[in-house]
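The sequence and structure come next.

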Amino acid sequence: MFRFKSRAGCVWDLALRRGTAERKVKATEKRRNSQTTGLTIGKQIQSLDSPLEIFVICAQGVCGFFPTPQERDTDKGEEMSTGRFRSGGRDKCRMHMVTWNVATAEPPEDITSLLQLDVQPPTDLYVIGLQEVSSSPVRFISDLLVEDSWSHVFMDTLAPRGFIKVTSVRMQGLLLLVFAKQVHLPYIRDIQTTYTRTGIFGYWGNKGGVSVRFSFYGHMVCFLNCHLAAHMNYALQRVDEFEYILETQDFDISESPNVLDHKVVFWFGDLNFRIADHGLHFLRSSINSGRLNLLWSKDQLLMMKKKEAFLQEFEEGPLNFKPTYKFARNSDTYDTRKSTVALPLTMYRPRPLQRCSTTLLFLLTSLTWGLLSVWLGAWYRELDPPSGKKRKPAWTDRILWRIKPKDLPSEDDEKASTCTDDGQDEYPIMVTQDKYTSDMSYGVSDHKPVIATFSLELRKCFDTPMVHISPVGVWSADQDAVLTYTVQEDFMSSTWDWIGLYKVGFKSASDYETFVWVRENELPEINEVIQISVDKDEIPLLGGQYVLGYYSTNMQSILGLSSNFQILESKRAVMEGLVPEGINGINK
C-alpha cells in the first residue's frame with residue numbers, strides 16, 4: 001500500500017491489483033516498455049467482477065496517475081513524426097447534432113425524425129445535448145446507478161443501426177451523449193469529460209456546462225453542452241457564465257488542456273438568449289409571415305457577438321427556423337402567458353470548490369443537494385415575483401462551432417502540424433454545416449429540438465487500430481475458446497485493460513456478454529501475439545454474431561475490434577430445448 005494525493009486534495013490508499021510488474025522506462029528508445037500495474041482503492045474493490053464497475057470508481061483518480069502528460073506528449077510526438085499513420089487523401093465524416101431542453105418530460109416513443117436515421121449520405125457521429133432532464137432527488141440518484149430513460153431511448157434506437165455509445169456525461173439536468181458507427185470506435189481515443197456548475201452562487205448544477213473531448217483520427221475535438229441563465233435582462237450574465245465555463249474546464253491532455261485548445265469546438269444547448277426590444281405583436285407577425293430575418297438584429301447572441309471578441313470566433317448558421325421557445329406543450333402554439341423574473345443568484349458567485357473525482361463524494365454531494373432541493377426551490381420562487389410582461393418567443397436553443405485560429409509562427413517554434421504536409425491545410429479539419437433547423441413535430445417539452453448536421457473533411461493522422469484482436473477456431477459453449485491480440489502501436493496499456501465479447505448490435509462498451517482480463521504478468525511488446533483463453537462457461541449457449549473488443553482503461557475507449565464472427569449453438573442449448581435439434585449439425 002502507498003498513499004497518493006490528487007490535485008483535488010483527495011488522499012487515497014492505493015494497492016497493486018494483479019501482479020507486481022514494475023514499470024520500466026527506456027528514455028533512449030522510441031517505444032517505452034511501460035509496466036503499468038492496475039491500482040485499487042481499498043481492499044473491497046478487488047472483489048468486483050465487472051471491469052466497468054471498477055472503472056467507474058477508479059478511472060478519473062487512479063488511471064490518470066499513469067502516465068504524466070509530459071510522457072504522453074513525448075510519445076505521441078515521436079510516433080507522429082514518423083508519418084507512418086498518415087493517410088494520403090481526405091475523408092468526410094457526417095455528424096448529426098441535437099440540442100433539446102426537454103423540460104423534465106419523458107422521451108417520446110419514436111425519435112426517428114429527430115435523428116433523421118434514413119438520411120443520405122449516412123451519419124457517422126451523433127451528438128445529443130439535453131437540458132432539464134428530470135433530476136428530482138430520487139430520480140437523479142437512481143440515474144447514477146442505471147442509465148436514464150433518455151439515454152435508453154437513444155441507445156435502443158441507434159444500436160440496431162450499428163451505433164455505439166462512445167461516452168456520456170451528466171450534471172443534474174444536463175446530459176451529453178456521443179454515439180459513433182462501430183467502424184470508428186478504434187480511432188476515438190483519449191476520451192475525457194468534465195462539468196461546471198453556475199447555478200445558485202456556482203454551487204448548484206441546474207445551470208452550467210458539461211463537455212466531452214476526444215481525439216478523432218488524431219484531431220482534437222470538444223463538445224460543450226450548456227444551460228445558461230434565463231430571462232431577458234441577463235444577456236451579459238449569460239456571456240459571463242460561458243466565459244467562466246471556458247476558463248474553468250480543463251482536461252488532463254497536454255495537447256489540449258482547455259476547451260479552446262481543441263481544433264474544433266462545438267458549443268450548443270439552451271443558451272437562453274432572447275429577442276430584445278421588439279414587441280410581441282411584431283414578433284408574431286414576423287414569425288407567421290416567415291420574415292425571420294427582421295428579428296436577427298435584435299437577437300441577443302448576435303448582438304453580443306458584435307461586442308465580445310471571443311464570441312466572434314464562433315460560427316453559426318442562419319436562423320431560418322422559427323424561434324424554439326416557448327410553446328404550449330403538445331402543440332405548435334407559442335405560450336405567451338405572463339412570465340416571471342428571477343433574481344440572478346449566479347451573478348455574484350464565488351469560484352466553485354475544487355471537486356474530488358471520486359464516486360463516493362459525488363454521491364454524497366448529490367444526496368445532500370437533493371435533500372435541500374425542496375427548500376432551495378421554495379426560497380428561489382420567493383425571489384421570483386411576477387413581472388407583468390408577456391413571454392416572447394426566442395431562439396434560446398442554439399448550435400455553434402469554432403475552428404481553432406492559426407497560431408502565428410515563432411522563430412523558436414519548429415513544430416509542424418502532424419496531419420498535414422509542408423504547410424498544406426493549416427486547419428486539418430474543415431467544417432461545413434449542411435443543415436440547421438428545428439423539428440416542430442415534437443411536443444413533449446415547451447422547447448422544440450434544434451438539429452444541425454455537419455460534414456467534417458479531415459485528413460486522418462492514422463488509420464490503423466492500436467490493437468488487433470481476433471477469435472481463434474470455432475467458438476461454442478461446449479469447449480474453452482481462444483482469442484489472440486496484438487498491440488500494433490505503443491500506448492499506456494495496463495493490467496486493468498480487458499477484452500469484451502459483444503453481441504453484434506451492442507449499445508456501449510459496458511454492454512458485453514462476458515470479458516477476460518488481458519495478460520496480467522507483464523504488458524505486451526509491439527507486434528507480440530498474445531493468446532488468451534475464454535472459459536466455456538462464460539460463452540453464450542445460443543449462437544449468433546459476435547465481436548471482440550479491447551478496452552483501455554487509461555484511454556477510456558475501445559482500441560481494437562475483431563471482425564464479426566459466429567458463435568455456434570452448444571449441445572447444452574439443444575439438450576435444454578433452447579434451440580431445435582439438428583442446428584449446426586448437433587443432435588441430441
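The entries below go from confidence to strands and then to one histidine.

**Entry 1: the model and its confidence.** I note that this is a predicted model, in which local features need pLDDT of at least 70 and side-chain atom pairs count only at pLDDT 80 or more, while totals for chains, interfaces and linings use all residues. Residues are numbered from 1 along each chain as its sequence is written, and side-chain values use heavy atoms, with hydrogens and water left out. I looked up pLDDT, which is the predictor's confidence in each residue, from 0 to 100, and found that the protein averages 78, with 68% of the residues scoring at least 70. Over residues 341-359 the pLDDT stays under 50, and the model has 61 contacts there beyond four places in sequence, where contact means heavy atoms within 4.5 Å. Residues 410-424 also have a pLDDT below 50, and this stretch has 15 contacts in the model beyond near neighbours in sequence.

**Entry 2: an open sheet.** I use the DSSP runs here, numbered from the N terminus, in which a strand (E) has at least two residues, and two strands pair if DSSP finds at least two bridges between them. I found an open sheet of 3 strands in the order β17-β19-β22, paired antiparallel. Because β17 (467-472) and β22 (529-534) each have a single partner strand, they stand at the edges, and one side of each is left without a neighbour in the sheet. On average, neighbouring strands of this sheet are turned by 25° against each other, direction ignored, with axes being lines fitted to C-alpha atoms and angles running from 0 to 180 degrees between N-to-C directions. Between β17 and β19 (residues 481-487) I see 6 bridges in the antiparallel sense, and I469 stands opposite Y485 of β19.

**Entry 3: strand β25.** In β25 (residues 565-568), F565 and I567 make up the covered face, whereas Q566 and L568 lie on the uncovered one. Strand β18 (residues 475-476) runs parallel to β25 and is joined to it by 2 bridges, with S476 having L568 as its bridge partner. Strand β23 (residues 544-552) pairs with β25 in the antiparallel sense over 3 bridges, and G544 is placed opposite I567.

**Entry 4: H184.** Is H184 buried or exposed? I found H184 in the loop between β7 (174-181) and β8 (188-199), and it counts as buried because its relative accessibility is 9%, where buried means under 20% relative accessible area, exposed over 50%, and partly exposed in between (1.4 Å probe, protein chains only). Leaving aside neighbours within four places in sequence, H184 is in contact with D124, F216 and Y217.

How values were computed
Helix = DSSP H or I, 4+ residues; strand = E, 2+ residues; numbered from the N terminus.
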